Amino acid sequence: MKLQLYMFETCPFCRKVINYIKESGRMDVEFCDIHKSDDNKKTLLEIGGKEQVPCLFTDGKPLYESEDIITWLKEHPVGDK
């Protein structure tokens, strides 16, 4: 499963998700900073339909809201298919 977190460093809700990912030891999430890459911002808008972050794409499907993202990550541990 491909996991991409669209985010930017100074967003407090993004930091909450990033901190959870790091504390849990997950290495399967790609970080896509929308302030450092125009391509990341473009992808977020084209696929997600809005510029809201954090946004976790799970195999290309957007999931918003930090608590919902953390809950999803907890329910889908590394190696879960």
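Residues are numbered from 1 along each chain as its sequence is written, and side-chain values use heavy atoms, with hydrogens and water left out. In this predicted model, local features need pLDDT of at least 70 and side-chain atom pairs count only at pLDDT 80 or more, while totals for chains, interfaces and linings use all residues.

**View 1. Strands S1 and S2 run parallel.** Here S1 (residues 3-7) and S2 (residues 29-33) are joined by five bridges; strands pair if DSSP finds at least two bridges between them. Leucine 3 has valine 29 of S2 as its bridge partner. Together with helix H1 (residues 12-24), the two strands make a right-handed β-α-β unit. Helices (H or I, at least four residues) and strands (E, at least two) are DSSP runs, numbered from the N terminus.

**View 2. Aspartate 33 is buried without a salt bridge.** You can find aspartate 33 in strand S2. Buried means under 20% relative accessible area, exposed over 50%, and partly exposed in between (1.4 Å probe, protein chains only). A salt bridge needs a side-chain nitrogen of Lys or Arg within 4 Å of a carboxyl oxygen of Asp or Glu, and the nearest side chain of opposite charge, lysine 36, is 4.2 Å away.

**View 3. Glutamine 52 lies in the loop between helix H2 (38-48) and strand S3 (55-58).** Glutamine 52 counts as partly exposed because its relative accessibility is 25%. Beyond its neighbours within four places in sequence, glutamine 52 is in contact (heavy atoms within 4.5 Å) with Leu44, Tyr64 and Glu65.

Note on methods: Right-handed = clockwise from strand over helix to strand, strands pointing away. Lys, Arg positive; Asp, Glu negative; His and termini not counted.
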